[in-house]
Amino acid sequence: MLLLEQAFSLKETKRTPWVPFVGVHGGKLIGVDAESYLKSSRNIVDGITKAVNLYKPDGIPVVFDLQIEAEVLGCKLIWSKENPPAVVSHPLSDGTVLSTLRLPEKKDGRIPVVLEATMELRNRFPDLALYGLITGPFTLALHLLGTEIFMKLFEDPDYVHQLMDFCAEVGIKYSEFLLDAGCDVIAVVDPMTSQIDPASFETFVSPYARRIFEYVRIRKKYSSFFVCGHAQQNIEVMCDCRPDNISIDENIPLDFVKEISLKKGISFGGNLKLTSVLLLGNELDSRKDAIHCLDLGGKKGFIIAPGCDLPMDTPITNLQAVTGMIYDKHARQVIREMKPTASLQPMNLDGHWVDGKIVIDIITLDSASCAPCQYMVEAVKKASESFEDIVVINEHKIKDINGIRMMMALGVQNLPTTCINGRIAFISHIPPKNEIEKAIREELALKVI
C-alpha cells in the first residue's frame with residue numbers, strides 16, 4: 001500500500017506501483033466461468049488470491065462488475081460465461097418512477113458477495129491495497145434510463161439532475177459498505193462519460209462525482225476516477241472533480257493525461273493495451289508495452305495498469321511479463337535496446353461490401369462486456385429497423401485478431417466507432433436514433449446517384 005500512497009500523494013516512488021484490474025480473469029485462474037465467479041465470494045477470494053500470487057500487485061480490485069448496483073435497482077441482466085453480465089432493461093424507461101427507487105442495503109442483490117470477499121481478502125492480505133469499484137453516476141443513470149438520457153440532457157435537464165443526484169447517493173452508500181468492509185481505494189468507474197462533451201460533463205456529472213470523492217476523502221481513504229474510450233476531452237474536468245487519481249485506457253495518450261493530471265495535482269494510471277497486447281499479443285509484446293508505459297509515466301504519480309478489466313482469457317504469461325518489467329531493472333534495459341518487429345496487417349476488404357445493401361461496421365471492445373460498446377450496437381440496431389433488409393450490421397470485437405485488422409482497414413482509432421459503407425460516421429459517440437437514420441438515408445442517396 002505504501003507505494004500507492006506515495007503515488008496518490010505525487011511523491012517519487014522507488015518503482016512504479018502495479019495494479020492489474022483482475023475481474024472475471026480471476027475466474028479463469030481457478031477454472032470457473034464468469035457467472036459462477038461473480039456470484040460466489042469463495043470463488044472471488046480464490047481468484048484474487050491466485051492473481052496476487054501470480055502477478056505480485058500493489059493493489060487489486062475485489063470485483064470488477066458495473067452491473068451490481070443496476071441489478072439491485074431493478075435492471076435485468078443477461079449473464080455470460082466469459083464476461084460480466086450486461087444490462088438488458090432500463091426500469092425508468094419501462095414505467096418505474098424515480099421517486100420509488102430506494103438506496104441499496106448491505107443485504108441486497110450480490111452486495112453481500114462482494115462484502116464477504118472484501119473482508120476475507122482484507123484479512124488475508126493486510127498490506128495489499130484493495131480497490132472497491134462502484135458504478136459511476138452517469139453510467140448508472142444510463143443503466144436505469146437507457147439511451148433516452150442523451151435526449152433528456154436537453155429536453156428535461158431537471159429530471160436528469162434528479163436522476164444524477166440519486167445515482168450519486170447510491171455511489172456514496174455503496175462506497176460506505178466497501179470502505180467499512182476494508183477497501184483502501186474507491187474507484188468510480190464511469191465509462192459512459194466518454195459520450196458527452198466537457199460542458200455537459202461539468203453540468204451533469206461533476207457536481208455528483210465530486211460528492212462521492214468528498215465522501216471518500218472524509219473517510220480518509222483514496223479515490224480514483226476510471227474512464228475508458230475516447231474521453232480525452234474530459235480529462236481536465238475529471239481532474240476538477242478532485243479524485244486522488246485518474247485512470248484511463250489506450251484510447252487516450254498517456255503523456256497528455258500525465259501533463260494535465262500533474263498540473264492539477266492528481267495522480268494518473270493506465271494505459272497498457274488491453275486486447276491488442278495483453279490478450280492477443282505475446283510476452284515480448286507485453287514487455288515492450290509495459291516499458292513504453294513505464295518510461296512515459298515516470299515515477300511521480302503514475303500507477304501502471306491495464307486500460308480496463310482484463311479479458312477472461314488474458315494469458316497468464318503476458319501479465320507475468322509485465323510484472324517482470326516492473327520488478328527487474330536489468331530486464332527493462334534489455335527490452336529498451338531491442339529493435340522493433342513487424343506488426344499486424346489490415347484486413348483485406350475485397351468481398352466485404354454487399355450489392356444493394358448498406359454495410360454498417362461497428363468496431364467495439366466487446367458489446368457483451370463494454371457499456372459504451374453495448375449501447376452503440378443497440379442504437380444502430382434500433383435505427384436500422386426502419387430500413388428492413390437493406391442494412392447489414394457487423395460488430396468487430398477487437399478481442400480477436402480479425403477485429404483489430406478490421407479496425408486498421410477502416411482507419412478507426414477509438415472505440416466504439418460506427419462506419420457506414422466504409423466511412424467513419426460516429427466516433428466514440430452514441431448518436432440519437434434520428435442521426436443514425438439520417439446517415440443511412442444519406443448513404444442510400446449516394447448509392448442511387
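Tutor: Ala, Val, Leu, Ile, Met, Phe, Trp, Tyr, Cys and Pro count as nonpolar, Asp, Glu, Lys and Arg as charged, and the others, Gly among them, as polar. This is a predicted model, where local features need pLDDT of at least 70, side-chain atom pairs count only at pLDDT 80 or more, and totals for chains, interfaces and linings use all residues. Residues are numbered from 1 along each chain as its sequence is written, and side-chain values use heavy atoms, without hydrogens and water.

Student: What classes of residue make up the lining of the largest pocket?

Tutor: By class, that lining has 25 nonpolar, 13 polar and six charged residues. Lys273, Thr275, Ser276, Val277 and Ile404 lie nearest the centre of the largest pocket.

Student: What makes a space a pocket?

Tutor: On a 1 Å grid over the protein atoms alone, a pocket is an open set of points with protein on both sides within 12 Å along at least five of seven lines; lining residues have an atom within 4 Å of a point. The largest pocket has a volume of about 1100 Å³.

Student: Which helix gives the largest share of the lining of the largest pocket?

Tutor: H15 does, with six residues.

Student: Why is H6 called roughly parallel to H9?

Tutor: H6 (residues 111–124) and H9 (residues 157–181) pack at an angle of about 30°, with their axes 8 Å apart. Angles under 35 degrees count as roughly parallel, so H6 is roughly parallel to H9.

Student: Which residues of H6 meet H9?

Tutor: Ile111, Val114, Leu115, Thr118, Met119 and Arg122 do. Contact means heavy atoms within 4.5 Å.

Terms used. Axes fitted to C-alpha atoms, helices over the stretch in contact; angles between N-to-C directions. Helix = DSSP H or I, 4+ residues; strand = E, 2+ residues; numbered from the N terminus. Parallel < 35°, antiparallel > 145°, perpendicular 65-115°, else oblique. 1 Å grid on protein atoms, 1.4 Å probe; cavity = no way out; pocket = protein on both sides within 12 Å on 5 of 7 lines; lining within 4 Å. Points joined across faces, edges and corners; volume = space filled by probe spheres on them.
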